Amino acid sequence: MKKLICIVCPMGCHIEVDEQNDYKTTGNKCPRGAIYGKKELTAPTRVVTSTIKISGGIHNRVPVKTAGDIPKELNFKCMDLINTLEVKSPVKMGDIVSKDIFGTGVNIVITRDM
């Protein structure tokens, strides 16, 4: 049995996942907790959020994120990539800054107009 705190929604359910019983999950208040529990123990993923440099904007950095979740083991590699990125104003929310990062099919996108 593994004990986790579900991060899918603000409820933060304390769940238990039985690895020996096909990842049966208890303690979740919604079905998303069961999906999270199994995924977290078999192939954990995360959405990465950060900022990148922008020239000509009202601020010197603009927020970005991965448009979807990527394998957790790529988080630091993703941050290394993000730290090399720079854009020029104007940018719109949803603009793609980097496509298909590390062959995951996930893009890094702008999350604020500037």
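**Figure 1. Leu-4 and its bridge partner in E2.** Ile-15 of E2 is the bridge partner of Leu-4. The model is predicted: local features need pLDDT of at least 70, side-chain atom pairs count only at pLDDT 80 or more, and totals for chains, interfaces and linings use all residues. Residues are numbered from 1 along each chain as its sequence is written, and side-chain values use heavy atoms, with hydrogens and water left out. Strand E1 (residues 2–5) pairs with strand E2 (residues 14–18). The sense is antiparallel, over four bridges. Two strands count as paired if DSSP finds at least two bridges between them. Strands (E, at least two residues) and helices (H or I, at least four) are DSSP runs, numbered from the N terminus.

Figure 2. Strand E3 (residues 24–26) runs antiparallel to E2, joined to it by three bridges. Lys-24 in E3 is the bridge partner of Asp-18.

**Figure 3. The largest nonpolar core.** This core has 17 residues. Ile-52 and Val-62 have the most contacts inside it. Strands E5 (49–55), E6 (61–66) and E10 (108–110) and helix H2 (75–82) each supply at least two of its residues. A nonpolar core is a set of buried Ala, Val, Leu, Ile, Met, Phe, Trp, Tyr and Cys residues joined through side-chain atoms within 4.5 Å. Buried means under 20% relative accessible area, with a 1.4 Å probe and protein chains only. Another core lies apart from the largest one. That core has six residues, among them Cys-13, Ile-15, Val-17 and Tyr-36.

**Figure 4. Surroundings of Ile-52.** Leaving out residues up to four places away in sequence, Ile-52 touches Asn-60, Arg-61, Val-62, Val-64, Ile-82, Leu-85, Val-87, Val-97 and Ile-110. A contact means heavy atoms within 4.5 Å. In the chain, 44% of contacts between residues at least 6 apart in sequence join residues at least 24 apart.

**Figure 5. The chain around these views.** Two helices and ten strands make up the secondary structure. From the N terminus on, the order is β-β-β-α-β-β-β-β-α-β-β-β. The radius of gyration, over C-alpha atoms, is 17 Å. The C-alpha trace spans about 55 × 30 × 15 Å along its principal axes. Buried residues make up 32% of the 114.

How values were computed:
Buried < 20%, exposed > 50% of the residue type's maximum accessible area, 1.4 Å probe, protein only. Rg over C-alpha atoms; globule rule 2.2 N^0.38 Å.
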